[in-house]
Amino acid sequence: GLFSDGSEYYRIPQEPGINDQVKVRFRTCADNADEVYLIYNGEELVMSVEESDDLFDYYTAVIPAGEKYISYYFEVHSGCVTCYYNRIGVQKNVNPDYNFEICPGFDVPDWAKGAVFYQIYVDRFCNGDPSNDVLDNEYCYIDSPTRQVKDWYEYPANMDVGRFYGGDLQGVKDKLDYLQDLGVDVIYFNPLFVSPSNHKYDIQDYDYIDPHIGKIVSDEGDLLPDGQRENRFASRYIDRVTNKANLEASNELFAQVVAEAHRRGMRVILDGVFNHVSRNHPAVQAALDETAGRLNPADNPWHGLVRAHVGDNGEPALDVFEGHGDLVALDHSADETVDYVVHVMSHWLDRGAAGWRLDAAYAVPSPFWARVLPQVKAAHPYSWIFGEVIHGDYPRIIEESTMDSITQYELWKSI
């Protein structure tokens, strides 16, 4: 019979403002507990029975919200038995990692409360337009030619990032009725922007949907000859991903998908990779040229986004993410990077997205997010932004970064 949670019945108000008084409730079986204590931020408060029925007693206590996070749990005494209650239920011992938490002044958009999210890795979802499929030898990725997977049911390879099954936004659009029938409230897309990989976590152009999952209306040029590894000869690929007609048609298809999702009562969340960029991003070569003295900083439109330095061999070198040479780290100390990420996030929220999942948010300094996200949220107060955090002090990261939520990966940790 012991129970409490963060719902509106057991926390009143459910989302308290700064300096509000918060009533916290706890349920026990009728006449089953001798004493119930609310332990919050290290303070102990005796709870009193406010209401009873034939089955249950409901204990309450009132605490001040203040301005800082509140962490709390319950301590229950019954005869000679003492137990504790937190977010995962009855416990023999106190475990602060699973305390209930209150963030004064924080509001979850109504559309996100209780919403069913459906994650879509576009290349592996549904091929609705074979004309935009990545072709064999279209270009090279990580020194290997691209491969078009002809059999949709073929198992992924060990090194699979350059093999493409052909899923696209047209396929998603075709399946929206199916998603609606499943009860999906929110579609969360893996990255959609121009990128050489199938997973698209190495973005080279944030302003456009990749035409390989969008729309190709101009398809000129040649594939790479066998044995050729230099993408400057991949003229068909270059036309596909840089021709404005393809880029604008792809953005228009995204707008159609969003509009059709909204018509069915669904929202769209995008995956934002703002820890690093593809080595093909123009800011990368610009940083190398600037460090080598070939480009004046005043003439570099990408100045500040990527930081290059002189390596041990005297040549320009780059900071990369977790040892991956094709994932070049952004310079999160630069004002230019703050402005760029604000621009990208706001641009796609203006185009109908409802929020963002921030990839590798744990690798980005929290003060960077604290400069970016308030600007984005000020213009889009009903958006929802959550970060990928694998380890660390979750409440502190949320408080310092101003993210709305984080991923946590508790199941992954237990495995």
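Analyst: Burial is judged by relative accessible area: under 20% is buried, over 50% is exposed, and values in between are partly exposed. This is a predicted model. Ala370 has a relative accessibility of 29%, so it counts as partly exposed. Ala370 belongs to helix 7.

User: Which residues does Ala370 contact, leaving aside its neighbours within four places in sequence?

Analyst: The partners are Glu400, Ser401 and Thr402. Met403 lies 33 residues from Ala370 in sequence, with a C-alpha to C-alpha separation of 8.1 Å.

User: How is the packing of two helices described?

Analyst: One gives the angle between their axes and the distance between the axes. Here, helix 6 and helix 7 (residues 366-379) pack at about 35°, and their axes are 9 Å apart. The crossing of helix 6 with helix 7 is right-handed. Residues making the contact include Val341, Met345 and Leu349 of helix 6, and Phe368, Val372 and Val376 of helix 7. By class, this contact comprises 9 nonpolar, 3 polar and 2 charged residues.

User: Which residues touch the most other members of the largest nonpolar core?

Analyst: They are Phe189, Leu270, Val306, Met345, Trp356 and Leu358, in a core of 74 residues. Helix 6 (residues 335-350) gives the most to this core, contributing 8 residues. Another core, of 20 residues, lies apart from it and includes Val24, Ala33, Phe74 and Tyr85.

User: What does Val306 contact beyond four places in sequence?

Analyst: Among its partners are Val277, Val284, Leu318, Leu330 and Asp331.

Technical notes. Residues are numbered from 1 along each chain as its sequence is written. This is a predicted model: local features need pLDDT of at least 70, side-chain atom pairs count only at pLDDT 80 or more; totals for chains, interfaces and linings use all residues. Side-chain values use heavy atoms; hydrogens and water are left out. A nonpolar core is a set of buried Ala, Val, Leu, Ile, Met, Phe, Trp, Tyr and Cys residues joined through side-chain atoms within 4.5 Å. Buried means under 20% relative accessible area, exposed over 50%, partly exposed in between (1.4 Å probe, protein chains only). Helices (H or I, at least four residues) and strands (E, at least two) are DSSP runs, numbered from the N terminus. Contact means heavy atoms within 4.5 Å. Axes are lines fitted to C-alpha atoms, for helices over the stretch in contact, and angles run from 0 to 180 degrees between N-to-C directions. A crossing is left-handed if the near helix is turned anticlockwise from the far one by less than a right angle, and right-handed if clockwise. Ala, Val, Leu, Ile, Met, Phe, Trp, Tyr, Cys and Pro count as nonpolar, Asp, Glu, Lys and Arg as charged, and the others, Gly among them, as polar.
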